[in-house]
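Subject: Handing over a structure, with notes on what was found

Dear colleague,

Please read them with the structure open beside you.

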Amino acid sequence: YPISFPTLDFQTMIGGGSPTFSGKFKTDVSGPNTFSGLFTGPHAEELIGSWIFLLLNQQTAHSATGVWIAKHGY
């Protein structure tokens, strides 16, 4: 059955001035909730990272996990 993913805002983000970052999403569902990553490449134009959070669908908690891969100007 289809699951609707909510739009999540960043609640906290740590890493100003550093090539790494981490934080949590703003959500009311208890459980795993984190993201982290690293800016890479000669000019930090690439990003790699991972995330996990819980969401409710039909009153049941589901875990959502994944990765980010991005490149600026590509």
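Which pattern does the chain follow when it is read along the sequence? Read in that way, the chain follows the pattern β-β-β-β-β, and its secondary structure comes to 0 helices and 5 strands. Please keep in mind throughout that this is a predicted model.

**The chain as a whole**

A compact globule of 74 residues would have a radius of gyration near 11 Å, whereas the chain has 14 Å. Taken along the principal axes, the box filled by the C-alpha atoms is roughly 45 × 25 × 15 Å. Of the 74 residues, 23% count as buried, and the chain exposes about 5,500 Å², of which carbon and sulfur atoms supply 57%.

**The nonpolar core and the rings**

In soluble globular proteins, nonpolar side chains tend to be buried together. In this model, the largest nonpolar core has 8 residues, namely F21, F25, F35, L47, W51, F53, L55 and A64. The elements that give two or more residues to this core are β2, which covers residues 20-26, and β4, which covers residues 46-57; β4 gives the most, with 4 residues.

The structure also holds 9 aromatic pairs. A pair of aromatic rings is described by the distance of the centres and the angle of the planes. For F21 and F35, the ring centres are 6.4 Å apart and the planes stand at 45°, so this pair is tilted. Because F21 lies in strand β2 and F35 in strand β3, the pair ties together parts that are 14 residues apart in sequence, and both F21 and F35 are buried. Ring pairs link F10, F21, F25, F35, F39, W51, F53 and W68 into a cluster.

N33 lies in strand β3, which runs over residues 33-40. Is N33 buried or exposed? Its relative accessible area is 14%, which is under the 20% limit, and N33 is therefore counted as buried. The side chain of N33 reaches the backbone oxygen of F25 at 2.9 Å. If residues up to four places away in sequence are not counted, N33 touches G23, K24, F25, T27, I52 and F53.

S63 is found in strand β5, which spans residues 60-71. At 51% relative accessibility, S63 counts as exposed, because the limit for that class is over 50%. Beyond its neighbours within four places in sequence, S63 is in contact with I52, F53 and L54. S63 and N33 are 30 residues apart in sequence, and their C-alpha atoms are 9.5 Å apart in space.

With a relative accessible area of 41%, A44 is partly exposed.

H43 lies in the loop between β3 and β4 as well, and H43 is exposed, with a relative accessible area of 69%. The C-alpha atoms of H43 and H72 are separated by 10.0 Å, while these two residues are 29 residues apart along the chain.

In the loop between β4 and β5 lies Q59, whose phi is near 65°, again a positive value in a residue other than glycine. Q59 counts as exposed, at 76% relative accessibility.

With best wishes

Methods:
Residues numbered from 1 in each chain as written. Predicted model: local features only at pLDDT ≥ 70, side-chain atom pairs only at ≥ 80, totals over all residues. Heavy atoms only, no water. Buried < 20%, exposed > 50% of the residue type's maximum accessible area, 1.4 Å probe, protein only. Contact = heavy atoms within 4.5 Å. Core = buried A, V, L, I, M, F, W, Y, C linked by side-chain atoms within 4.5 Å. Polar contact = N/O pair within 3.5 Å; in protein donor to acceptor, adjacent residues only side chain to side chain. Rg over C-alpha atoms; globule rule 2.2 N^0.38 Å. Areas by Shrake-Rupley, 256 points an atom, 1.4 Å probe, with all protein chains shown as cover. Phe/Tyr/Trp six-rings, centres within 6.5 Å; stacked < 30°, edge-to-face > 60°.
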